[in-house]
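Visitor: I would like to learn how to read the pocket and the strand pairing of a model. Please start with the pocket.

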Amino acid sequence: TFELYAGGRNLMPDGGSYIYSGDPENRAWFRQTKVHQTLTLNGENTRYAPRLLLWKPGKELDILVVENLSYENLTHRRSLFFVEKRYFVIVDEALGTAAGQLDLHFQLAPGKAVAHAGNCAFQSAHESGWNVWVEAMSKKDLLLEEEEGQVSFLYTKKEPRPAYRFRKEKHAQTPCVRFVTVVAPFDREVPSIKALMRTAPS
């Protein structure tokens, strides 16, 4: 998962812990994988088996590649590209023979948000200051849906927040399902960014 800060605002905060004891239902809710900025299979919580594959900072491009053996027969690999210190291209790959419903989850800070279902995109809509634009670049067979979102900044205190998922089916015979997402913080004008992913020749 990750958090995104820009312009002095936490645009995509972590959900927080809410509570550690005395309220097992809410404790369990905030610990779910699907309430973090990551990928799930059939809505189930993931294992914890991470690996760092690449960290390559640069003047115009920072690259981070990590993966997690999230489920039996399914590895989640995330490649994150920080382009020109302005926006992110996130490539999430579900690798393996496991089959089912893949969801890629994102949560925003409390406040207004707007979904653009036709473009498989959504954005925060704070009236002043910075916002964030999130758009799926690989739109084929992809659904954008709203989810329940909660965030806890203070112990035992919680509040609703906008949350969305990109949904796609994975079949056992498909060894890799890929999501390509642009996450772009902006001030005033919504950015226009396109990311083209090409498969390298074998």
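This is a predicted model: local features need pLDDT of at least 70, side-chain atom pairs count only at pLDDT 80 or more; totals for chains, interfaces and linings use all residues.

Guide: On a 1 Å grid over the protein atoms alone, a pocket is an open set of points with protein on both sides within 12 Å along at least five of seven lines, where a 1.4 Å probe fits; lining residues have an atom within 4 Å of a point. Grid points are joined across faces, edges and corners, and the volume is the space filled by probe spheres set on the points. Here the largest pocket holds about 510 Å³. Its lining has 22 residues, and Thr1, Thr38, Thr46, Asn68 and His76 are the closest to its centre.

Visitor: Which elements give two or more residues to the lining of the largest pocket?

Guide: Strands (E, at least two residues) are DSSP runs, numbered from the N terminus. Those elements are strand 4 (50-56), strand 5 (61-71) and strand 6 (74-83). Strand 5 gives the most, with five residues.

Visitor: How do the lining residues divide into nonpolar, polar and charged?

Guide: Ala, Val, Leu, Ile, Met, Phe, Trp, Tyr, Cys and Pro count as nonpolar, Asp, Glu, Lys and Arg as charged, and the others, Gly among them, as polar. The lining has eight nonpolar, nine polar and five charged residues.

Visitor: How do strand 4 and strand 5 pair?

Guide: Two strands pair if DSSP finds at least two bridges between them. Strands 4 and 5 are antiparallel over six bridges, with Leu52 opposite Val66 in strand 5.

Visitor: What joins strand 5 to strand 6?

Guide: Nine bridges do, in an antiparallel run, and Ile63 faces Phe81 of strand 6 across the pairing. Two residues lie between the strands in this hairpin, and Asn73 in the turn has a positive phi of about 65°.

Visitor: What is the strand order in the open sheet of four strands?

Guide: The order is 3-8-15-12, with antiparallel pairing. Strand 3 (39-41) and strand 12 (143-147) are at the edges with a single partner strand each, so one side of each has no neighbour in the sheet. From one strand to the next, the twist averages 30° (axes are lines fitted to C-alpha atoms, and angles run from 0 to 180 degrees between N-to-C directions). Strand 12 meets strand 15 (residues 163-170) through five antiparallel bridges, and Glu146 stands opposite Tyr164 in strand 15.

Terms used:
Residues are numbered from 1 along each chain as its sequence is written. Side-chain values use heavy atoms; hydrogens and water are left out.
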